[in-house]
Amino acid sequence: MANQKLPTLKYTGKSESAVPIVSESELQTVTAEPWVKISDKGLQLEGLNFNREGQLFLLDVFEGNIFKVNPATKEVTTKFQSVKDNPAAIKVHKDGRLFICYLGDFKTTGGIFATTEKGEQIEEIISDLNTEYCIDDMVFDSKGGFYFTDFRGYSTQPLGGVYYVDPDFKTVTPIIQNISVANGIALSTDEKVLWVTETTTNRLHRIALENDGVTIAPFGATIPYYFTGHEGPDSCCIDSDDNLYVAMYGQGRVLVFNKRGYPIGQILMPGRDDGKMLRTTHPQFIPGTNQLIICTNDIENYSEGGSMLYTVNGFAKGYESYQFQ
């Protein structure tokens with residue numbers, strides 16, 4: 001039986017939260033609002049990306065469904081199912097095709113395939129038959145090539161890395177390696193800085209590149225920020241002011257950094273302190289606006305459940321990447 005005369009710790013203040021915020025508690029903070037419900041089920045939503053017509057594509061990792069959302073009507077349709085296991089990201093190439101990263105068996109069978117918006121005319125860009133990558137995310141550059149993250153490893157076995165694929169999709173060049181679960185990736189507006197999140201060691205990488213896009217500038221690979229809490233940083237995107245938006249998986253929030261890697265704001269999901277909607281995975285701007293869309297799900301709360309898109313206004317308009325040029 002407890003001794004009532006002793007000083008006693010109690011669940012009050014920050015300690016009441018399922019996911020308390022300590023080190024970033026002084027940041028400018030806003031709470032997102034519901035935008036679209038994707039499913040009553042707790043689906044692992046990922047890969048938000050808009051096409052030229054402003055239609056939103058996204059997917060769920062474990063069932064492989066590719067969804068389309070009409071922002072004007074909020075109508076959600078299932079377009080097709082991934083031909084590969086555990087798709088993790090969608091990017092729209094400038095020719096209009098969807099490039100879909102997939103994790104495969106999470107060990108040796110990941111890759112990237114391209115397809116139409118209807119899931120037809122499949123082309124293997126990086127085949128799982130002759131690589132050992134576990135590809136989670138990618139970002140195009142202005143030349144038509146792209147960078148991708150290798151999601152392998154864990155905290156004490158850094159098997160992952162970041163690679164560049166030439167515009168002809170034939171040459172793969174390593175940028176940085178020995179990363180524990182390289183996850184989100186974004187490229188600055190001038191293509192001089194590559195941002196990468198490292199999930200299982202809770203780190204943000206800022207990689208300054210030389211003009212060839214593959215050589216790291218002298219002293220150019222730095223870690224400007226160490227995250228706290230479980231589970232870690234996920235996918236990310238930039239706005240037109242080169243601010244970086246990083247979804248925090250398992251924490252129900254998005255952290256925002258300026259172009260030097262300093263935290264300047266955060267976005268919270270409703271219900272996060274009660275342990276709801278914690279699996280925030282991917283932020284993305286509606287093209288031409290400062291409206292940010294964030295996907296998350298509530299797998300842990302089976303009685304309530306649901307997979308949602310939330311929305312807020314960011315610091316600046318979204319950056320219209322090379323897929324629209």
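Modeller: The model is a predicted one, and the reason lies in a distance. The closest cysteine sulfur to that of Cys134 belongs to Cys101, and the two are 10 Å apart, which is too far for a bond. A disulfide requires a pair of cysteine sulfur atoms within 2.5 Å. By this rule the count of disulfides comes to zero. Cys295 is likewise in no disulfide; for this residue the nearest cysteine sulfur is that of Cys237, at 11 Å. As to exposure, a residue counts as buried when its relative accessible area is under 20%. Cys134 has a relative accessible area of 0% and is therefore buried. Cys295 also has a value of 0%, so this residue is buried as well.

The strand pairing may be described next. An open sheet is formed by four strands, in the order β15-β16-β17-β18, with antiparallel pairing. Its edges are β15, residues 182–187, and β18, residues 216–226. Each of these has a single partner strand, so one side of each is left without a neighbour in the sheet. From one strand to the next, the twist averages 20°.

Notes:
Residues are numbered from 1 along each chain as its sequence is written. This is a predicted model: local features need pLDDT of at least 70, side-chain atom pairs count only at pLDDT 80 or more; totals for chains, interfaces and linings use all residues. Side-chain values use heavy atoms; hydrogens and water are left out. Two strands pair if DSSP finds at least two bridges between them. Helices (H or I, at least four residues) and strands (E, at least two) are DSSP runs, numbered from the N terminus. Axes are lines fitted to C-alpha atoms, for helices over the stretch in contact, and angles run from 0 to 180 degrees between N-to-C directions. Buried means under 20% relative accessible area, exposed over 50%, partly exposed in between (1.4 Å probe, protein chains only).
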